[in-house]
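Visitor: I am new to this structure and would like to learn how to read it. Please show it to me.

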Amino acid sequence: MDDLFAARSQMALSLGFHIIYACIGMVMPFFMAVSHYRYLTTKQDVYKRLTKAWSKGVAIFFATGAVSGTMLSFELGLLWPRFMEHAGPIFGMPFSLEGTAFFIEAIALGFFLYGWGRFNPWFHWFTGVVVGLSGLASGILVVAANAWMNSPAGFDYVNGQYLNIDPLKAMFNDAWFTQALHMTLAAFAATGFAVAGLHALMILKKRNVVFHAKAFKIAAIFGAVAALLQPISGDLSAKDVAQRQPAKLAAMEAHFHTEKSAALVLGGLPDEDAKKVNYAIKIPGMLSFLAHGNFEQEVTGLDRIPERDQPPVLVTHIAFQVMVGLGSFLMLVSFLYLLALWKKKKWLYSTWLLRLFVLAIPLGFIAIEAGWTVTEVGRQPWIIYGIMRTEDAVTPMPGIAYSFYLFTGIYLSLSLVVVYLLYRQIKAVPTLYDITPEPAHATH
């Protein structure tokens, strides 16, 4: 394993773990706040117990997200020193603001966890809302920094020098809004389906049904709404990428040849040597429409991109197809659930619908991992798009492979601890939050 591959693998591993912790930690406080609001307005004890149970999950993921995020910040400096030397002063603002949001989140979470019976009930609820808002802001600010790597702005690059730096323009670059919107909706969809699926499993096992039914409904509504809104952000992202990063779009779609009325490729295995896609379904004109808003517009293919500037097609294309395929499945489940809420009440908590949610527990996070693969691999060979190559930014320090093995062990250990803590929390629910079944009308 050469140093460049080891460094990239270590960042991929770190981001792959951290993004799950961060998404759950960013979204779960909103579930907690809704449950708490329901308790304050209905005085039903089940919502208080649910809020306390979810708050423990929020604390677990806040701690793991803080640890993994801190490790990532060190890795940026250790693995990519030349990148940080030049890029740090330019996009340092979103990282510094993210640190501020993190501290606000930590303080608010402390107030919420220890504020039961000590604060005014509505102020206590407000601290929970602050946990969610600051966590959301933290995630958006980090995405803004990543968006800058895809759409560098806020400086002039002259003779290898970065001049006239404007941190605000760097932070609010052309890609930040579409990436932040897409990532935020993905986080809500993935976390909503994962949490709803776990509670659906408990309902199917007939364990504390009332408690888990309340939890399932809150999480499922969040997940379903986000999943149905996601195609809108996906369309905005596709049109943005078509304008700024045509090589990435071409790799996503395995679009080897520039042409008008370009076909959308569904599935298939790209053959990069033969410049074609095998076993694919093609929809004529659809790629032109998705990229440019009409069915006739020309779409740039990889044949117009210098070979040394082309991203890996196979990995990018398959990751994109996985993301879209899983997102489509979650949309279908979302439609069925919202239809059940609106018209088909007898479907609610039916075995087949609950099983669909159980099946969907990991799918949202797999889609997120695939989407980040598209974002990062599709930008290659650039670490700063069009300006600095990844191979030029890696540390000259030898032995990066050993660092990769060490960090792999750390992240696996951290994940095992998280799984164990969550297992204990879920297992304790029937004992700690045992609830006498409510009248039938109260469960709807």
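Visitor: Is His255 buried or exposed?

Guide: Buried means under 20% relative accessible area, exposed over 50%, and partly exposed in between (1.4 Å probe, protein chains only). His255 has a relative accessible area of 6%, so this residue is buried. His255 sits in the loop between helix H8 (246-252) and strand S3 (264-271). Helices (H or I, at least four residues) and strands (E, at least two) are DSSP runs, numbered from the N terminus.

Visitor: Which residues does His255 touch, not counting residues up to four places away in sequence?

Guide: Contact means heavy atoms within 4.5 Å. By that rule His255 touches Ala250, Ala262, Leu287, Val299, Thr300, Gly301 and Leu302.

Visitor: How far can I trust such details?

Guide: This is a predicted model, where local features need pLDDT of at least 70 and side-chain atom pairs count only at pLDDT 80 or more, while totals for chains, interfaces and linings use all residues. Residues are numbered from 1 along each chain as its sequence is written, and side-chain values use heavy atoms, with hydrogens and water left out. pLDDT is the predictor's confidence in each residue, from 0 to 100. The chain has a mean pLDDT of 83, with 95% of its residues at 70 or more. Over residues 430-444 the pLDDT is below 50. Where pLDDT is low, the predicted coordinates should not be read in detail.

Visitor: How many residues of H6 are buried?

Guide: Helix H6 covers residues 176-204, and 22 of its 29 residues are buried. After H6 comes Lys206, with a positive phi near 60 degrees.

Methods: The expected span of a helix is 1.5 Å times one less than its number of residues.
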